[in-house]
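Work through the exercises below with the sequence and the model at hand. Each task is followed by a solution in steps.

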Amino acid sequence: QVQLVESGGGLVQPGGSLRLSCAASGRTSSSYAMGWFRQAPGQERTFIADISWSGSTTYYADSVKGRFTISRDDAKNTVYLQMNSLKPEDTAVYYCAAGLKVGVYNYWGQGTQVTVPS
């Protein structure tokens, strides 16, 4: 079992930056692939970015490529999502997830709200 807790969300003006954190605890979280997803009001949860257990491979949704960066610090059992050049359409609840391989996620955090006003 892996427990995930996101933090770092908030209100930021267009063009601004935020860094989200996802603290993991439980069984050997460093051996899990980690991902970030988001869900805007009235919409389905969508993939943003993920990172392999080794940290050597990352994937991004086209909508955030070049603006967002996922990274992990296994010494701190934490995954980060650096978000730059934020836009109003980035407004959503952001969730982190963990799984045994990229694309297959079994554990989810409770989410953190990011709001970029128009």
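**Exercise 1.** Is D62 buried or exposed?

Solution. The model is a predicted one. The relative accessible area of D62 is 67%. Exposed means over 50%, so D62 is exposed. The side chain of D62 also takes part in a salt bridge with K65, at 3.1 Å from N to O.

**Exercise 2.** Find the disulfide and describe which parts of the chain are linked.

Solution. Step one: a search of the whole structure finds one disulfide. Step two: its partners are C22 and C96, with an S to S distance of 1.9 Å. Step three: C22 belongs to strand β3 (residues 18-26) and C96 to strand β9 (residues 92-99); the pair is 74 residues apart and links distant parts of the chain. Step four: the angle about the S-S bond is 50°, and the link of C22 and C96 is right-handed. Both cysteines, C22 and C96, are buried.

**Exercise 3.** Which residue forms a salt bridge with R38, and how accessible are the two partners?

Solution. The structure holds four salt bridges. In one of them R38 pairs with D90, and the closest N and O atoms are 2.9 Å apart. R38 sits in strand β4 (residues 33-39), while D90 sits in the loop between β8 and β9, 52 residues apart. R38 has 10% relative accessibility and therefore counts as buried. D90, at 0%, counts as buried too.

Next, take the pair R72 and D74, whose side chains meet in a salt bridge at 3.0 Å, N to O. R72 is buried, with a relative accessible area of 16%, whereas D74 is partly exposed at 33%. Salt bridges with shared partners join R38, R67 and D90 into one network.

**Exercise 4.** Place V116 in the chain and list what surrounds it.

Solution. V116 lies in the segment after β11 (112-115). Its relative accessibility is 3%, so V116 counts as buried. Beyond its neighbours within four places in sequence, V116 is in contact with V12, Q13, P14, L86, K87, P88, D90 and T91. G10 is 106 residues from V116 in sequence, yet the C-alpha atoms of the two are 8.6 Å apart in space.

Terms used: Residues are numbered from 1 along each chain as its sequence is written. This is a predicted model: local features need pLDDT of at least 70, side-chain atom pairs count only at pLDDT 80 or more; totals for chains, interfaces and linings use all residues. Side-chain values use heavy atoms; hydrogens and water are left out. Helices (H or I, at least four residues) and strands (E, at least two) are DSSP runs, numbered from the N terminus. Buried means under 20% relative accessible area, exposed over 50%, partly exposed in between (1.4 Å probe, protein chains only). Contact means heavy atoms within 4.5 Å. A disulfide is a pair of cysteine sulfur atoms within 2.5 Å.
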